[in-house]
Amino acid sequence: MSAEFEIGPIKQSVGEHGTLLFIEGTVRNVGTRPSRDVKVWVEGLDDDSNVVAREEALPDPQEILPGTVGRYLVKLPNDAKIKTFHVEAIGR
């Protein structure tokens with residue numbers, strides 16, 4: 001029995017003053033037991049896949065039951081070098 005995670009679609013939006021990117025999405029527990037201590041890392045990458053910005057989030061809820069999702073939101077600087085995102089989730 002384990003908790004395994006699948007990253008859902010990513011939605012990005014620019015903050016009111018144009019200085020922040022809001023990145024939100026979901027983490028689905030595709031495992032066989034509830035999760036705990038889940039963390040999500042979102043990296044903003046440039047054209048060469050170099051990390052421009054990185055932020056950690058705690059999805060809500062923290063206990064993600066099998067077959068359900070937790071939602072996360074992170075703020076990254078609105079840097080023109082950021083072209084794509086990489087998202088990872090870990091937990092127990």
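Me: Which residues is Thr26 in contact with, leaving aside its neighbours within four places in sequence?
Reply: Thr26 is in contact with Glu6, Ile7, Gly8, Pro9, Val69, Gly70, Arg71 and Tyr72. Contact means heavy atoms within 4.5 Å. The model is predicted: local features need pLDDT of at least 70, side-chain atom pairs count only at pLDDT 80 or more, and totals for chains, interfaces and linings use all residues. Residues are numbered from 1 along each chain as its sequence is written, and side-chain values use heavy atoms, with hydrogens and water left out.

Me: Why is Thr26 called buried?
Reply: Its relative accessible area is 15%. Buried means under 20%, exposed over 50%, partly exposed in between (1.4 Å probe, protein chains only). So Thr26 counts as buried. Thr26 lies in strand E2; strands are DSSP runs of at least two residues, numbered from the N terminus.

Me: Why is Ser49 called exposed?
Reply: The relative accessible area of Ser49 is 52%, so the term exposed applies. Ser49 sits in the loop between E3 and E4. Its phi is positive, about 65°, although Ser49 is not a glycine.

Me: What makes Asp37 partly exposed?
Reply: Asp37 has a relative accessible area of 40%. Asp37 is in the loop between strand E2 (20–29) and strand E3 (39–45). Asp37 is not a glycine, yet its phi is positive at about 55°.

Me: How do you know that the peptide bond between Asp60 and Pro61 is cis?
Reply: Omega is about 0° for the bond that joins Asp60 and Pro61. Pro61 is found in the loop between strand E4 (51–57) and strand E5 (69–77).

Note on methods: Helices (H or I, at least four residues) and strands (E, at least two) are DSSP runs, numbered from the N terminus.
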